[in-house]
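This report goes through one protein model, from the whole chain down to single residues. Please look at the sequence and structure first.

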Amino acid sequence: MTTTTAVERAVHKGAPARAGAPRRPGRIRRATLPYLLLLPALVLELLVHLVPMVIGVVMSFKELTQFFIRDWGSAPWAGLDNYTVSVDFDAPVGEALLHSFLVTVAFTLLSVALCWLIGTAAAVFMQDTFAGRGLLRALFLVPYALPVYAAVITWVFMFQHDNGLVNHVLHDQLHLTGRQPFWLIGDNSFYALLTVSVWKGWPFAFLIVTAGLQNIPRELYEAAALDGAGTWQQIRRITLPSLRPVNQVLVLVLFLWTFNDFNTPYVLFGRAAPQAADLISVHIYQASFVTWNFGTGAAMSVLLLLFLLAVTGVYLALTTRGRRTADA
């Protein structure tokens, strides 16, 4: 008659035999496999993001101009001079940076708000079943699916002063303007940039909100309808509270993407953006690659990074506290 020990029964059930028992090689391999699979991504992240970031921080403390491009390591140390010049708002460099920062803040807030509003409204509207809903969803995603350069260049032709589609519709067809306005220069350039940004960004909000709406049980809307709640009350009491976690992530991603957007203004206006549409990303590019003052441009980039980190930290802290308060 075979006797089964406690150790054998424990091993047979999958439990560890005892605390001091050596781990099998198979278990060690299974434990280290996830880290080995993540290693290539971590190395790539280090090479693509962290290393250039560290080099940029080092460059911000150097007097790096066109004379030291071939050997930027030999550039003399400038200490905090580049940062002092950047934040001296009474001097031309600091004043221009402050103006660009304020323009970027206004542009980002308007763009994010409009993208979220249009995307949420379209997602809620598309929840109802009707003929052609699939085709309409596909059309809504076209601006997001198009390459940035192709989409923005199309808008450049549409905003042309003499033969652009925008002036043709607003001035020639609808007679909303007394004369054909210039959209790519002057004060109107801000509205042109905002239009392109919203047109390009709201389908992403639509896509994310649509995914979030799939997790809301339809029984909640049916019960609310039986209790006499109208459409607006259902949106206010059911849809928006249920979408709060999704919206918190969506707003943060839209804010970071829009604030750092470089492709849209660069393709729309070229290397020299109008003063009304002088976003900070293009401003830093001009400070670095047009004036050849890479040290000052690197210092501006570090200041921008610190600002975005601070905003992200405060936003996450406020949203986390609000979520805990709502759960309590």
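What share of the contacts in the protein chain with a separation of 6 or more comes from residues 24 or more positions apart? In this predicted model, such residues account for 64% of those contacts.

**Whole chain**

The protein chain holds 15 helices and 0 strands. Of its 328 residues, 34% are buried.

**Packing of H4 and H12**

Helix H4 covers residues 92–125 and helix H12 residues 244–259; their axes lie 9 Å apart, at an angle of about 140°. H4 is therefore oblique to H12, because an angle counts as roughly antiparallel when it is over 145 degrees. The crossing of the two helices is right-handed.

On the H4 side, the residues in contact include Phe101, Phe107, Val112 and Trp116. Their counterparts in H12 include Leu250, Leu254, Phe255 and Phe259. Overall, the residues of the contact of H4 with H12 comprise 11 nonpolar, 5 polar and no charged.

His175 is not a glycine, yet its phi is positive. Trp292, also a residue other than glycine, has a positive phi as well.

| Residue | Phi | Loop between | Relative accessibility |
|---|---|---|---|
| His175 | about 55° | H8 (165–173) and H9 (188–213) | 60% |

Definitions and conventions. Residues are numbered from 1 along each chain as its sequence is written. This is a predicted model: local features need pLDDT of at least 70, side-chain atom pairs count only at pLDDT 80 or more; totals for chains, interfaces and linings use all residues. Side-chain values use heavy atoms; hydrogens and water are left out. Helices (H or I, at least four residues) and strands (E, at least two) are DSSP runs, numbered from the N terminus. Buried means under 20% relative accessible area, exposed over 50%, partly exposed in between (1.4 Å probe, protein chains only). Contact means heavy atoms within 4.5 Å. Axes are lines fitted to C-alpha atoms, for helices over the stretch in contact, and angles run from 0 to 180 degrees between N-to-C directions. Angles under 35 degrees count as roughly parallel, over 145 as roughly antiparallel, 65 to 115 as roughly perpendicular and the rest as oblique. A crossing is left-handed if the near helix is turned anticlockwise from the far one by less than a right angle, and right-handed if clockwise. Ala, Val, Leu, Ile, Met, Phe, Trp, Tyr, Cys and Pro count as nonpolar, Asp, Glu, Lys and Arg as charged, and the others, Gly among them, as polar.
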